[in-house]
Amino acid sequence: MKQFDIPVRLRRLRKNASVRAMFDETSLVPAQLVQPVFLTDGPVPEPIESMPGIERLTIPALVEKCKILASLGVYGIAPFPKTPDDKKSPDGAESYNPENLICRAIRAVKAAVPEMVIFADIALDPYTTHGHDGVLTADGGDVDNDPSVEILCKMAVENARAGADFVAPSDMMDGRIAAIRAALDAEGLTGTGICAYSAKFASAYYGPFRDAVGSKTEAKNKISGLSKKSYQANPANRREAIREALFDEAENADMVMVKPAGIYLDIIRDVRENTLVPVVAYQVSGEYSQLVAAAQAGWLDLEACRDESLLAIRRAGADLILTYFAESFARSRCEK
Ligand code: PBG
């Protein structure tokens, strides 16, 4: 048998599972994951067609879900409401009603599972008739930045009062992090943190989410020409994403987020290298649904792709990951 002269053999460090485990450069454990959850005001949980395996939960079902998540070592949830149509309005005023679905859900979870860490989404799209993340200018031609920020501040204060640990502005209005920090502090809510959706790109991968919360705007946008591209970041741009993250860090965000995650790994790495705050990444609905759909067709191994996609996001530099796979990942770890 011919022996080649190959003194360096990298395969020595991959020879079996034990050796490989010793030299894992990247960890992935349930505590590094946050489960986004959808809520309904209806009487029973509702399936979401474009997100198999995910349901809109009632508040009692959410509380039960949180007990399970905590027992699996997943301590974070990010709740999103499906607001009934009769509670939507052009200015999204339901967003700061202390009795709205989200505030009631936050109080119920905090009372029953106090160790659960709640990331409350701050944006108007589940509450506006037009589905945009802020209020519109008088002529309807744009999302009006500063009046939107004013409403977001009220919303953040009510979510914090209900017990949210972190408010998470996902609207991409300018200057909202500083304004929300000041509003929280003025109300004595100094312990509530801010998870800034800093580099949130105008992505088509949010499609299934918009089904889940009923915020689809495409048809109306085609008429008015007003697109989320006028406030969400341009997918072509790296420097712009870093600038957004640096502004939010300077405005005292406790952590900054990149979203989507799996197709923006370069941005996660850029933000990691340019900021000192924790970096969060959101593996969004479209990233989830495309893996589930391919697995349902028999074309991909769902668990293996789930784990590989999450590991890649951690390797790129994310400290924490919002993912619809949080529960299923944690379950498979408990089985091992
Ligand atoms: C809106 C919001 C969106 C998501 C989270 N918050 C969608 C959007 O901007 O239209 C998407 C999350 C996902 O796709 O999983 N404030």
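Hi everyone. A compact globule of 336 residues would have a radius of gyration near 20 Å, and this chain has 21 Å, which agrees. That radius is taken over C-alpha atoms, and the globule rule is 2.2 Å times the number of residues to the power 0.38.

A word on the source: this is a predicted model, where local features need pLDDT of at least 70 and side-chain atom pairs count only at pLDDT 80 or more, while totals for chains, interfaces and linings use all residues. Residues are numbered from 1 along each chain as its sequence is written, and side-chain values use heavy atoms, with hydrogens and water left out.

Now the whole chain. The C-alpha trace spans about 80 × 45 × 45 Å along its principal axes. There are 12 helices and 10 strands, taken as DSSP runs (H or I, at least four residues, for helices; E, at least two, for strands) numbered from the N terminus. Of the 336 residues, 53% are buried, meaning under 20% relative accessible area with a 1.4 Å probe, protein chains only.

Let's zoom in on two helices. Helix 8 (residues 239–250) packs against helix 9 (residues 265–274) at an angle of about 40 degrees, with the axes 9 Å apart; axes are lines fitted to C-alpha atoms over the stretch in contact, and angles run from 0 to 180 degrees between N-to-C directions. So helix 8 is oblique to helix 9, the class left over after under 35 degrees (roughly parallel), over 145 (roughly antiparallel) and 65 to 115 (roughly perpendicular).

Which residues of helix 8 and helix 9 make the contact? Helix 8 brings Ala241, Ile242, Ala245, Leu246 and Glu249, and helix 9 brings Ile267, Asp270, Val271 and Asn274, with contact meaning heavy atoms within 4.5 Å. Thanks, all!

Conventions
Buried < 20%, exposed > 50% of the residue type's maximum accessible area, 1.4 Å probe, protein only.
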